[in-house]
Amino acid sequence: MQARPGARLPRGSKREQFDALVLRIVTDIDERWSRRLGLVEYAVEDAPLIPDDWTDTVPLSSLVRGSGTTPTRLVLFRRPIEHRCEGRAELEAMVLTLVVEQVAELLDLPAHEVDPRYGPADDD
């Protein structure tokens, strides 16, 4: 099967595409703030482990602050994020929002100061 001229060829699985998107966003933000952030591990998991009696919405991310030699860990949950997004642009915006908000919490800064793409109008 040949691709039409100008057609986009699929690149990797949905998981690989999601991981590449997260890596791009995290790398950009971490390069900007790594001195103030210290050691942070970024990860992607398919879904959070939640108890059977969970009644809240499914979390999209998790932030566990480190201490001493234990790094802070920021995890994005791919499937719940993808479930809430329609299309690539919305997915990119959601991932950016989640990463920026978590980093802003770590730095105790307004989100729009962490990354101007977040936009002050979105910041509470």
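1. The largest nonpolar core of this predicted model holds 28 residues, and I29, L76, I81, V95, V99, V103 and V114 have the most contacts inside it. A nonpolar core here is a set of buried Ala, Val, Leu, Ile, Met, Phe, Trp, Tyr and Cys residues joined through side-chain atoms within 4.5 Å. Buried means under 20% relative accessible area, exposed over 50%, and partly exposed in between, with a 1.4 Å probe and protein chains only. Two or more residues of this core come from each of α1, β3, α3 and α4. Helix α3 gives the largest share, ten residues. In soluble globular proteins, nonpolar side chains tend to be buried together.

2. V103 can be looked at by itself. Which residues does V103 touch, leaving aside its neighbours within four places in sequence? They are I29, L37, Y42, L74 and V114, where contact means heavy atoms within 4.5 Å.

3. Helix α3 covers residues 88–107. Its 20 residues should span 28 Å at 1.5 Å a residue, and the end C-alpha atoms lie 28 Å apart, so the two agree; the expected span is 1.5 Å times one less than the number of residues. Buried positions in α3 include L91, V95, L96, V99, V103 and L107, and the polar Q102 is buried as well. Their cover includes α1 (14–37), β1 (40–45), β2 (61–64), β3 (72–77), α2 (78–83) and α4 (111–114). Just after α3, D108 has a positive phi of about 55°.

4. The protein has four helices and three strands, in the order α-β-β-β-α-α-α from the N terminus. Helices (H or I, at least four residues) and strands (E, at least two) are DSSP runs, numbered from the N terminus. Of the contacts with a separation of 6 or more, 58% join residues 24 or more positions apart.

5. Of the 124 residues, 33% are buried. The accessible surface is about 8,700 Å², and carbon and sulfur atoms account for 50% of that surface. These areas come from the Shrake-Rupley method with a 1.4 Å probe; for residues, only the protein chains shown count as cover.

6. There are twelve salt bridges, each a side-chain nitrogen of Lys or Arg within 4 Å of a carboxyl oxygen of Asp or Glu. One of them pairs R32 with D115, with the closest N and O atoms 3.4 Å apart. R32 is in helix α1 and D115 in the segment after α4, so this pair ties together parts 83 residues apart in sequence. Are the two partners buried or partly exposed? R32 is partly exposed at 39% relative accessibility, whereas D115 is buried at 0%.

7. R73 and E45 also form a salt bridge, at 3.4 Å from N to O. R73 belongs to strand β3 and E45 to strand β1, so the pair links parts that are 28 residues apart in sequence. R73 is partly exposed at 31%, and E45 is partly exposed at 32%.

8. Within helix α3, E92 and R88 are four residues apart, about one turn of the helix, and their side chains meet in a salt bridge of 3.1 Å, N to O. E92 is partly exposed at 28%, and R88 at 40%. Elsewhere, R15, D46, R78 and E82 are linked in a salt-bridge network.

9. On conventions: residues are numbered from 1 along each chain as its sequence is written, and side-chain values use heavy atoms, with hydrogens and water left out. Since the model is predicted, local features need pLDDT of at least 70 and side-chain atom pairs count only at pLDDT 80 or more, while totals for chains, interfaces and linings use all residues.
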